[in-house]
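Hi there,

Here is the structure I promised to pass on. Have a look at it first, and then read my notes below.

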Amino acid sequence: MRRFALCAGYMGALYAFILLPVGVLVLFSFQDGRLPIPPFRGPTLRWHEAVLTDRRLMAALWNSAVVAAGSSAVATLLGFLAARGLATGRLAGAAAIRAALLAPLSVSYLVIGLGLLASLNLAGLGLSLWTVAIGHSVINLPLCFAICAAAMGPAVVQAERAARDLGAGEGRVMALVTAPMILPALAAAFLLSMTFSWDEFIIAFLLSRFEVTLPVEIWSLLRGGLNPKTNAVGSLVFLASALVVLAAELALLRRKG
Amino acid sequence: MSLDAAEARRAWALTLPAVVWTVAFFVVPFMAMAALSLWQRTAAGLVPAWTLENYRAILGEPAAVRAILNSIEITLTVTALSVVLAFPLAWIIAEEVPPRWRRLALALAVLPFWTSYVVRSYAWSLMLARQGVLNGWLEGIGLPALDLANSRAATVIGFTHFFTMLLTLTIYASLTQLPPNLRRAAADLGAGPVATFHHVILPLTAPGIAVGAFLTFALCVGDYVTPQILGGGRDLAAAQLVMLNLGRRADIPMAAALSVCLMLLVTLAYLLLARFMRAPR
Amino acid sequence: MKPAATALALILTAAPALAQELNALVWCDHTDPALIEPFEKKWGVKVNLKEYEGTGAALSIIEQSRPGDWDVLVIDGIDVPRAVAAGILAPLPVDRLPYDTLFPEVVMAETHVIDGQTWAITEKFGYNTVSFDKSKVSAADLADMTRLWSGDFAGRLAVYDYYLPVMGLVAVGLGLKTADLTAADLPAIEEALLKLKDSAASVGEVVASQTAIATGAVDILVGGGEWVTAGLVSENPNLDWMIPEQGAVRWSQSIGVFAASGRKDLAVEFVRHVLSPEGQAALATSSCYWAMPANRAAGEVLTADQKAALRWDEQAEYLKRAQLYPAPDAALDAAMQDVWTRFLAR
């Protein structure tokens, strides 16, 4: 019993630490007034309304979704292909390649962004959402590769070989054997990339021009002056994605239960 | 042509795109940045001076050295705090929570991941403000108000919040890979809970902890947003200095040189942690 | 690899090929639809805006762009000569701009007219001085600026994080003329700044500064002015600002056209739009920050309440007591930034 109380107490305390700031943010998004401090007055929906009618914020939201989906698709595909290639065990220098592919994981986003900025600069290329997406694919590729590589066990390699022995071409093996076998890993890689890209600030800040992603737009909102829209857009994004995540979890729970 | 050669060629064809992508958009840019750090910013523009002058300037400017030291101190504090906070949580979720509820418990523990990163730091500034929510509660229960806003403490709290979530994930992942009968075996051999933890669980989860700690270090030492929003300009982190050079002085070479210094730090951290990251046999 | 690289270069450089677009590098007060949309509708064009802060950031963005990327530039009034020296700006058609209704004090011919040509026009101005909460401190307490760094207000003040205005303000407080600052004055300024830092509860940018003073976390904001408090008075009527006996610093922002612009006519029309009474009124009351419009004619469009918040009627007095903030050359600028870095790192 004491053990249970201890565990429950610790969980409660940490959940409070983890969830409270977001709760406070959501609460103050309903604050009737510009100052985000107690006492709470309201609730009002005017800041949420202001967000939903803000052309720039909505454009940024859409840009973020496009960049996240595009860069994650590229990262997942490249990561998947590389994981397959390395799983055959036929590559000389596989360890070095693996290390090289994982290297970006250990580098600050700031450094990756600055490096891309410097080289685009030297190459005389302009900035756009494309460059942001490239930056995001660089930070996500190692992640996708690692997730796919972990899923490419001997069973998958053997199943591929069997399919090939039965005369299946390379494309069919990949589409009909490998991909379905590691579908959960592919989905996990893609979704994780999406969240990382969706949330990423500094690379998007350094590599974008007129069209910006949501974190960059929120940043300029934050710099532009005390504005309760910041609270509202933060809580809207949070509530929407939290609902998706919780729905997915509950669906999984029910299927298993 | 042998079958082996064909298979090797196919393996290469599959791996090559990712390698090319990484080289083109990561290795080459990094080299470009390293090269640029040897240039000089002058009134006339950027000059390819090929000199170590920027590095000399960093080492010769106490404020710059201080900023790098600040970043190291903040990062070490955050990494230690996050590991200490996250391990018990990951443990409880992996071992004490009924299996049916585990995924939900884990999802709840990382829920704020899905707010925007910038907004998360901002939310902490609301929490910690002198007239903010936390102090409102403290006063409500008769405790003195805390003066945490706009300080290094605020930066550390904001970071710890994020990395506790991240480490809970990585540690949970390594805990679930422990064979469940291992602890029973240890108990059968007469090991108490402390001895089991020390001799069995810790060594086996060390790789997960080390990977998480390294990720924390790498992401934290180069982060700009959190100290910028929460630090209140009380002291300067290295990433803020990079952005000052980039934004206010248009001095990309100096920003690049500082970034190279940050990279060296991360490499050092990797070398120190690398031997823990390998799974023990 | 060659075709792939070429394709990539094409993707990266392909500007959206809409016929009429105008690319403007601006401060955050230019992004309101109230300012931009009337121009877009009138001319049937799309205005692309990129916000920046600090001339260094703008120069860095321009350096990383290709010629022709930009059409309109908003820049700190004192940095116009720097932009002209860098060959960034094109001369403006003076006869098509409302110079006759500009506040004469803010025309700033000495920095805007070079070699007989006018390169930019002032669009908005205000003051970097002292904002305060009048329920906690009185204007009389702040009349002597040197008290700010005497330790009398330890823990009760915030400092706005921008080196030029705050260093200019401190210089004024020390009895120096901002126009004559030299490297020899920096040690005295640094000494005062470091003392100021010891009294400061925070050093932050606009939002952090606004939050600090509006929520009562601090009582005094050094470097503040109407641009911090005008928009917040309705929330917290105790917010006020004043000019100490020693004086204060005036800032101004200017707008010009890029020399490399391929759409100079449209760019000039945009400048004319921003300087028109309606454009000026929208700019003065932007959601990012409020400040005085450079064109007096905006007075016909602004409401009485707006004018009161901007202290329209007191401008003559303010203009007399404020000095323009310092306009350092490259070497002095670098030295000033070093001082500021030490100030931040303390």
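The structure holds 8 cavities of 30 Å³ or more. A cavity here is a set of points on a 1 Å grid over the protein atoms alone where a 1.4 Å probe fits but cannot get out, and lining residues have an atom within 4 Å of a point. Volume is the space filled by probe spheres set on the points, which are joined across faces, edges and corners.

This is a predicted model, in which local features need pLDDT of at least 70 and side-chain atom pairs count only at pLDDT 80 or more, while totals for chains, interfaces and linings use all residues. Residues are numbered from 1 along each chain as its sequence is written, chains are lettered from A and ligands numbered from 1 in the order in which they are written, and side-chain values use heavy atoms, leaving out hydrogens and water.

The largest cavity has a volume of about 80 Å³. Its lining includes Leu244(B) and Arg248(B), as well as Tyr163(C) and Trp340(C). The largest share of that lining, 3 residues, comes from α14(C) (helices are DSSP runs of H or I, at least four residues, numbered from the N terminus).

Now to a helix pair in chain B. The axes of α2 (residues 53-60) and α12 (residues 252-277) of chain B come within 9 Å and cross at roughly 70° (axes are lines fitted to C-alpha atoms over the stretch in contact, with angles from 0 to 180 degrees between N-to-C directions). That makes α2(B) roughly perpendicular to α12(B), a term for 65 to 115 degrees.

Enjoy exploring!

Technical notes:
On a 1 Å grid over the protein atoms alone, a cavity is a set of points where a 1.4 Å probe fits but cannot get out, and a pocket is an open set with protein on both sides within 12 Å along at least five of seven lines; lining residues have an atom within 4 Å of a point. Helices (H or I, at least four residues) and strands (E, at least two) are DSSP runs, numbered from the N terminus. Angles under 35 degrees count as roughly parallel, over 145 as roughly antiparallel, 65 to 115 as roughly perpendicular and the rest as oblique.
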